[in-house]
Amino acid sequence: MISDRDRPRPIRDLLRRLIVAPAALSFIWPVLLILCGYMAWDRWGAEHVASKYYGVELAKIRITDRPIFVRTDVTETVFRDTALDQLSLLDAQATAKIASAFATHPWIRRVISVRKLPGGTVDVHVEYRNPVAMVLVAKPAPKESGSFFCPIDGNGILLPTSEFAPSETLDYIHIEVPDVYPTGVVGGAFGDVRVEAAARLAGVLARHRDQTRIRSIGVHGDLRQNDVPLLELTTTDNRRVLWGSPPGLEQRGERTVEMKLQKLLSGDKIPNSDLRIATMPEESVQN
């Protein structure tokens, strides 16, 4: 009968041989330690870190402060609609994917930067779209008589209508184009070249609305007879002034945007209520 003392113990014997092995074999110990460490990390460590940082947390997303006219919680909406909780911050493309998610929101004009900070915090720096005008739209169905307003930015991008109370539409320049209706989606182009041309002008005039007393922007004449829409201004006292081409699309001999705006702000009488032609001596020299 074999006693416990004489029973073979291969692991113990191997360890003894390693201990008394020549110094040339001492490198085996670091190798074993590294191997064991890797196996432990692969089995427990990686799982722990992944579980802690697997999904982006809503409470840890910091975004540029919203302007007062943005009533929606942009972060919560993006988090819900794009499933950011399923995105791991360990993903090499995490910041790019977060940027793409926020770029889908209609109030976001562009995402400037996304940074991952310690503790799982994500800092998102964005530029918001700025409403400059309200487009007067007639309801298309015969049984739905009436009209409503669509807010747009200076590039003619449709903004969320639900963000504005009816009384707030009076705080913006109105764009009045006959038989117009948006063909795009919220966050996309309005879909009408006349409205988008007027939106560019509204972007210029919005900050000077009080001084110029501009109530609305319309289209003068038939678009089929002009390469670009000719825009007409209506003031709060119902005066009409022909602005001319949209900003950046002026025709040969037409005043620049800066010259037209200066004339409006000066309060001087506008000959023939037409801002297109340069008639002042100093303007003639500049031309």
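Trp107 and Phe164 are both buried in this predicted model. How are their rings arranged? The ring centres of Trp107 and Phe164 lie 6.3 Å apart with the planes at 50°, so this pair is tilted. The pair links distant parts of the chain, 57 residues apart: Trp107 sits in the loop between helix 4 (94-103) and strand 2 (108-116), while Phe164 belongs to the loop between strand 5 (147-153) and strand 6 (173-176).

Phe164 also pairs with Tyr172, this time edge-to-face. Here are the two pairs together.

| Pair | Centre to centre | Angle between planes | Arrangement |
|---|---|---|---|
| Trp107 and Phe164 | 6.3 Å | 50° | tilted |
| Phe164 and Tyr172 | 5.8 Å | 90° | edge-to-face |

Phe164 has a relative accessibility of 12%, so it counts as buried. Tyr172 is buried too, with a relative accessible area of 16%. Ring pairs join Phe164 and Tyr172 with Phe69 and Trp107 in a cluster, and the structure holds four aromatic pairs.

Now let us turn to another residue. Glu254 lies in the loop between strand 9 (240-244) and helix 7 (257-266). Is Glu254 buried or exposed? Its relative accessibility is 10%, so Glu254 counts as buried. The side chain of Glu254 makes a polar contact of 2.6 Å with the side chain of Lys260. Leaving aside residues up to four places away in sequence, Glu254 touches Trp243, Gly244, Ser245, Lys260 and Arg276.

Finally, the whole protein. It has eight helices and nine strands, and 36% of its 287 residues are buried. The accessible surface comes to about 17,700 Å², with 55% belonging to carbon and sulfur atoms.

Methods: Residues numbered from 1 in each chain as written. Predicted model: local features only at pLDDT ≥ 70, side-chain atom pairs only at ≥ 80, totals over all residues. Heavy atoms only, no water. Helix = DSSP H or I, 4+ residues; strand = E, 2+ residues; numbered from the N terminus. Buried < 20%, exposed > 50% of the residue type's maximum accessible area, 1.4 Å probe, protein only. Polar contact = N/O pair within 3.5 Å; in protein donor to acceptor, adjacent residues only side chain to side chain. Contact = heavy atoms within 4.5 Å. Areas by Shrake-Rupley, 256 points an atom, 1.4 Å probe, with all protein chains shown as cover. Phe/Tyr/Trp six-rings, centres within 6.5 Å; stacked < 30°, edge-to-face > 60°.
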